[in-house]
Amino acid sequence: VGSCPVGTFLVAETRKCVACDASCEECQDAGPSGCTLCKNPTFWNPEQSACVTDCDDNQYIRDDKECVGCDPGTFLDVEQGRCVTDCGIYFYGAASGKCE
């Protein structure tokens with residue numbers, strides 16, 4: 001077997017294609033941490049090494065595919081779904097890492 005169909009991965013020892021974890025659209029290894037693309041409506045969360053339906057509180061969804069946290073010195077603007085350095089006139093950068 002040279003390559004495996006989408007939704008499966010090659011086990012080198014047996015040279016057989018095996019189904020990805022149920023949460024994966026595509027994968028490179030077994031289990032949720034082997035996902036390379038999550039099934040809709042889930043998103044890859046690198047902090048959990050798994051596909052999730054909701055990102056952590058301090059993360060936003062980038063490109064409809066991945067949960068991403070903000071860099072130090074920036075804050076998550078939940079309404080805009082992105083990281084900002086200035087939360088705006090009626091909000092402040094809270095210790096939680098969000099604009100509140």
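Reader: Taking a disulfide to be a pair of cysteine sulfur atoms within 2.5 Å, how many disulfides does a search of the whole structure find?

Author: The search finds seven disulfides. The model is predicted: local features need pLDDT of at least 70 and side-chain atom pairs count only at pLDDT 80 or more, while totals for chains, interfaces and linings use all residues. Residues are numbered from 1 along each chain as its sequence is written, and side-chain values use heavy atoms, with hydrogens and water left out.

Reader: Which cysteine does cysteine 24 pair with?

Author: Cysteine 24 forms a disulfide with cysteine 35, and their sulfur atoms are 1.7 Å apart. The torsion about this S-S bond is about -75 degrees, so the disulfide is left-handed.

Reader: Where do cysteine 24 and cysteine 35 lie?

Author: Cysteine 24 is in strand β3 (residues 24-27) and cysteine 35 is in strand β4, so the pair ties together parts 11 residues apart in sequence. Strands are DSSP runs of E with at least two residues, numbered from the N terminus.

Reader: Are cysteine 24 and cysteine 35 buried or exposed?

Author: Both cysteine 24 and cysteine 35 are buried. Buried means under 20% relative accessible area, exposed means over 50%, and partly exposed lies in between, using a 1.4 Å probe and protein chains only.

Reader: Turning to cysteine 38, where is its place, and what does it touch?

Author: Cysteine 38 is in strand β4, residues 35-38. Leaving aside residues up to four places away in sequence, cysteine 38 touches Ser23, Glu25, Phe43, Trp44 and Cys51, where contact means heavy atoms within 4.5 Å. Cysteine 38 counts as buried because its relative accessibility is 10%.

Reader: What joins cysteine 55 to cysteine 67?

Author: A disulfide joins cysteine 55 to cysteine 67, with S to S 2.1 Å. This link is left-handed, with -80 degrees about the S-S bond. Cysteine 55 lies in the loop between β6 (50-52) and β7 (59-62) and cysteine 67 in strand β8 (residues 66-69), so the pair ties together parts that are 12 residues apart in sequence. Cysteine 55 counts as buried at 17% relative accessibility, and cysteine 67 is buried with a relative accessible area of 1%.

Reader: And how is the disulfide of cysteine 70 and cysteine 83 placed?

Author: Cysteine 70 is joined to cysteine 83 with S to S 2.0 Å. The pair links distant parts of the chain, 13 residues apart: cysteine 70 is in the loop between β8 and β9 (75-77), and cysteine 83 is in strand β10 (residues 82-84). Cysteine 70 counts as partly exposed at 22% relative accessibility, and cysteine 83 is partly exposed with a relative accessible area of 23%.

Technical notes
Helix = DSSP H or I, 4+ residues; strand = E, 2+ residues; numbered from the N terminus. Disulfide = S-S within 2.5 Å.
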